[in-house]
Amino acid sequence: MNAAGRLAAFGTGLAVAFAGAYAAAGAIVPESAVTTWQQQAAAHADMPGMDHDSGPTGLSLGQGGYTLGPVRTPPTTAAPGELSFAILGADGTPLRDYDTTHDRDLHLIAVRSDGAQFRHAHPRLDRQTGVWSLPWRWDSAGTYRVFADFQPAEAPALTLSRTVQVAGDFNPIEAGPVRRTAEVDGFTVTLRGDLTPGATEELTVEFARDGRPVTDLQPYLGAFGHLVALRDGDLAFLHAHPDGAEPTADHRGGPTVTFATQAPTAGRYLLYLDFQVDDQVRTATFVVDTAHRHVGEDEHS
Ligand SMILES: [Cu+2]
């Protein structure tokens, strides 16, 4: 899929915001892409249950005529097994045709209700049955939300989710306090920028290793990093959009990467940034509270 197609594929509400943002920023994006976004947005606005503008996504198992079917997993942490599910179309049959977004036909995100135990994985589709599956083992008991982020062929992108119960003792972890620096495997990842309710904001992450700027970030899922933002409290899913053209395989990035995203409401957000160096994917996590809207004065919370 070409760049414009990929951008359009991010779909639904954010497309509107991004179309505006890019137009204001001086149009790095072809006019045709903006028109497509606007047409998609207009189409969504008429569909009941479809979110538009900055509304939260990912809180429902059904949207736009598609349903995330039951998610089968190992029932406890005791033994490994398989995680599997199907996306069902309006007629109840499993969906088999997908458009690629962020390099994959479907992104699976699993996170415990307290925001811990985040996982981002890519199951495999059995094209005969329409069933997605991958080997799975739970490390910890609790209530999980499992998200499927995908785009049906010829239809808008969707994020559907279900809760999954994993039996056993559950010791919730407090998400707070605000955390803008993550240490992972010798990497120091620092988050700059604010989330402001209802506004598209740029967030920049800066990578250092042993005190030196990292300049050998490898492309991962069509960018130099993949950011998932979830609203603390209900785990609403925010789409984050990487700035810049899609890197080719031999490109290297860093030390900074910028994303645009939009917080639907004031509050706390949990950010999970996957990045790849030396062929290994790592996840940096952040906790961010929204800033006040700057209206006339430059005061932040
Ligand atoms: Cu993914």
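Q: What is a pocket, and which residues count as lining residues?

A: On a 1 Å grid over the protein atoms alone, a pocket is an open set of points with protein on both sides within 12 Å along at least five of seven lines, and lining residues have an atom within 4 Å of a point. In this predicted model, local features need pLDDT of at least 70 and side-chain atom pairs count only at pLDDT 80 or more, while totals for chains, interfaces and linings use all residues. Residues are numbered from 1 along each chain as its sequence is written, and side-chain values use heavy atoms, with hydrogens and water left out. Here, 15 residues line the second largest pocket, and Gly115, Ala116, Arg179, Tyr272 and Thr285 lie nearest its centre.

Q: Which atoms coordinate the copper ion?

A: Donors are N, O and S atoms within 2.8 Å of the metal (3.2 Å for Na, K and Ca); water is not among the atoms, so sites may look incomplete. In this structure, the copper ion is coordinated at 1.8 to 2.0 Å by His107 (ND1), His120 (NE2) and His122 (NE2). Along the chain, these donors follow the spacing H-x12-H-x1-H.

Q: Are His107 and His120 buried or exposed?

A: Buried means under 20% relative accessible area, exposed over 50%, and partly exposed in between (1.4 Å probe, protein chains only). His107 counts as buried at 1% relative accessibility, and His120 is buried with a relative accessible area of 15%.

Terms used
On a 1 Å grid over the protein atoms alone, a cavity is a set of points where a 1.4 Å probe fits but cannot get out, and a pocket is an open set with protein on both sides within 12 Å along at least five of seven lines; lining residues have an atom within 4 Å of a point.
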